[in-house]
Amino acid sequence: MMEHKMAEQEKTVPRNKVMKTGIILATLFSVALIAARFAGVLPMPQNMSAGGVIALCVSLTAIVAGYVGWYLYNTDEHDLHANLWSMAWAWIASALITVNWSILHVGGLAPVPNALIIFLGSAVAAASVWAWLRFR
Amino acid sequence: MKNRLRVLRAERSWSQAELGDRLDVSRQAINAIETGKYDPSLPLAFKMARLFETTIEAIFDDGAQNG
């Protein structure tokens, strides 16, 4: 029994370490996106080949998917609950922003909806809900 | 949902972090359960009952009247 518990502990990374890694990755990703928004360029070499761009996309997807899997493996039900609600509210925020912005655009009151801003808005909603449920 | 988790933990002089380690959940999860902000899953409730050598009903009270 004790050996089984020790084996479990050996394979489990401390949750705080997993969470801090996620927060650092999310912050770096957000800063890159905000920089891209305001600088008008993506934070990567501008003369990349098509293969390079595809490799970058595949790498980014692998890193994010790998991290999410690692995170879900190490998290607990309280955190998972916060994550599920944050994702639900992120989708609601995304839908509300998109619909309202589109209507305003059709009515001539706003420019064409910007996918990056909508994504950032939903990410902020997700982060706010997650932090509220996790730490209040 | 009301519960006696804080009392049971205090009787054993365990910190929230220590109880979290024993139940394999975070300290924040224990705090959220103790303050009634989060209701644990059935598997976690059973785990708590086994750890404190009691029943789930002795730890949690949903406020409903029996009978």
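User: What makes up the contact between chain B and chain A?
Analyst: Twelve residues from chain B and nine residues from chain A take part, where contact means heavy atoms within 4.5 Å. The model is predicted: local features need pLDDT of at least 70, side-chain atom pairs count only at pLDDT 80 or more, and totals for chains, interfaces and linings use all residues. Residues are numbered from 1 along each chain as its sequence is written, chains are lettered from A in the order in which they are written, and side-chain values use heavy atoms, with hydrogens and water left out.

User: How many salt bridges are counted between chain B and chain A?
Analyst: The count is zero; a salt bridge would be a side-chain nitrogen of Lys or Arg within 4 Å of a carboxyl oxygen of Asp or Glu.

User: Why are α2(B) and α4(B) called roughly perpendicular?
Analyst: The axes of helix α2 (residues 16-23) and helix α4 (residues 42-51) of chain B cross at roughly 110° and come within 10 Å. The axes are lines fitted to C-alpha atoms over the stretch in contact, with angles from 0 to 180 degrees between N-to-C directions. Angles of 65 to 115 degrees count as roughly perpendicular, so α2(B) and α4(B) are roughly perpendicular to each other.

User: Which residues meet there?
Analyst: B:Leu19, B:Arg22 and B:Leu23 in α2(B) meet B:Leu44, B:Lys47, B:Met48 and B:Leu51 in α4(B). Five residues of this contact are nonpolar, none polar and two charged; Leu and Met count as nonpolar, Lys and Arg as charged.

How values were computed: Helix = DSSP H or I, 4+ residues; strand = E, 2+ residues; numbered from the N terminus. Parallel < 35°, antiparallel > 145°, perpendicular 65-115°, else oblique.
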